[in-house]
Amino acid sequence: SKFINAILRQIDNSNIDTINIKDLSIKYSYPKWMLEKMNIQYKKNTTISIIENDSNIPPIWIRINRLKTNSNEVSKILHENSIDFYQDQYLDNYYKIKNFDNNNVVKELIKCGFLYIQNPSSGFVVELINAKKNNIILDACCAPGGKSSLIAANLNNLVQLHCLDINTNRITRTKNNFNRLNVKNVKFMCDNALSFNSQVKYDKILLDLPCS
């Protein structure tokens, strides 16, 4: 009995904490190889918490485009149409909304360039860049142009943007976004950031590789 109790104590102290990879892979549509890695790195409850959160529908964040409107105007429109929103506590031009309204008010504001769908995390990147008026900024992986358009909005288009992307279709998409948002003073270039050469001396370079 002492021997068995000793074994059970060892098992209890070892914190055996495994997940059923096959079942979770099916339930949450997660690849098995990823669950196997997570099972090594995290405890069972942590792994399940991560994949459950990843399976949730993320909140919709919108950025007010100050080249065309302002926070007061947008807030008024949202209130008048009974659209619930939450203003970010750090970046006041970012609003979180639960969903698109039945009357498509938010969609129309996006369509006309008053709003742009963007997470505040992108806004913090632009804050770090700290661009100044008349700076020449290179966005080396620019599409779809969310961060560049925010730089332009923050400086009321008093900045030169050189927007580079390797894909012509993505450049076209960025141009369309800029036209809708009223972004000016932009030079577009189709090139590979790895081999790109330029005689221009840039004040700041934005190299947002994860999104590409």
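**A buried aspartate and other features**

Guide: Let us begin with Asp101, which contacts Ile83 and Val106 once its neighbours within four places in sequence are set aside. Please note that this is a predicted model. Asp101 sits in the loop between strand 3 (94-97) and helix 6 (105-111).

Visitor: How far is Asp101 from the nearest side chain of opposite charge?

Guide: The general idea is that side chains of opposite charge can pair when their charged atoms come close. Asp101 is buried but has no salt bridge, and the nearest side chain of opposite charge, that of Lys107, is 8.3 Å away.

Visitor: Which backbone nitrogens does the side chain of Asp101 reach?

Guide: There are two to note. The Asp101 side chain reaches the backbone nitrogen of Asn103 at 3.2 Å, and that of Val105 at 2.8 Å.

Visitor: How many salt bridges does a search of the whole structure find?

Guide: The search finds 3 salt bridges. One of them joins Asp92 to Arg66, with 2.6 Å between the closest N and O atoms. This pair links distant parts of the chain, 26 residues apart: Asp92 is in the loop between strand 2 (85-87) and strand 3, and Arg66 is in the loop between strand 1 (60-64) and helix 5 (71-80). Asp92 counts as partly exposed because its relative accessibility is 40%, and Arg66, at 38%, is likewise partly exposed.

Visitor: What is the salt-bridge partner of Lys147?

Guide: Lys147 pairs with Asp208, and their closest N and O atoms are 2.5 Å apart.

Visitor: How far apart are the closest N and O atoms of Asp165 and Arg170?

Guide: In the salt bridge between Asp165 and Arg170, that distance is 3.4 Å. Asp165 is buried because its relative accessible area is 4%, whereas Arg170, at 26%, is partly exposed.

Visitor: How many residues of helix 8 are buried?

Guide: Helix 8 is mostly covered, with 8 of its 9 residues buried. Among them are Gly146, Ser148, Leu150 and Ile151, as well as Lys147.

Visitor: How should I read backbone angles, and which residue follows helix 8 with a positive phi?

Guide: In general, most residues other than glycine have a negative phi, and most peptide bonds are trans. Asn156, which follows helix 8, has a positive phi near 55°. Asn157 also has a positive phi, near 70°, although Asn157 is not a glycine. Asn157 lies in the loop between helix 8 and strand 6 (160-165), and is buried because its relative accessible area is 9%.

Visitor: Where does Asn134 lie, and is it buried or exposed?

Guide: Asn134 is in the loop between helix 7 (120-129) and strand 5. Its relative accessibility is 60%, so Asn134 counts as exposed. The phi of Asn134 is positive, about 70°, in a residue that is not a glycine.

Visitor: Which residues are joined by a cis peptide bond?

Guide: Ala143 and Pro144 are joined in this way, with omega about 5°. Pro144 is found in the loop between strand 5 (136-139) and helix 8 (146-154).

Visitor: Where is Gln10 found, and how far is its C-alpha atom from that of Tyr94?

Guide: Gln10 is also in helix 1, and it is exposed because its relative accessible area is 55%. The C-alpha atoms of Gln10 and Tyr94 are 52 Å apart, and the two residues are 84 residues apart along the chain.

Note on methods. Residues are numbered from 1 along each chain as its sequence is written. This is a predicted model: local features need pLDDT of at least 70, side-chain atom pairs count only at pLDDT 80 or more; totals for chains, interfaces and linings use all residues. Side-chain values use heavy atoms; hydrogens and water are left out. Helices (H or I, at least four residues) and strands (E, at least two) are DSSP runs, numbered from the N terminus. Buried means under 20% relative accessible area, exposed over 50%, partly exposed in between (1.4 Å probe, protein chains only). Lys and Arg count as positive and Asp and Glu as negative; His and the chain ends are not counted. A salt bridge is a side-chain nitrogen of Lys or Arg within 4 Å of a carboxyl oxygen of Asp or Glu. A polar contact is a pair of N or O atoms within 3.5 Å; within protein, one must be able to donate a hydrogen and the other to accept it, and residues adjacent in sequence count only if both atoms are side-chain atoms. Contact means heavy atoms within 4.5 Å.
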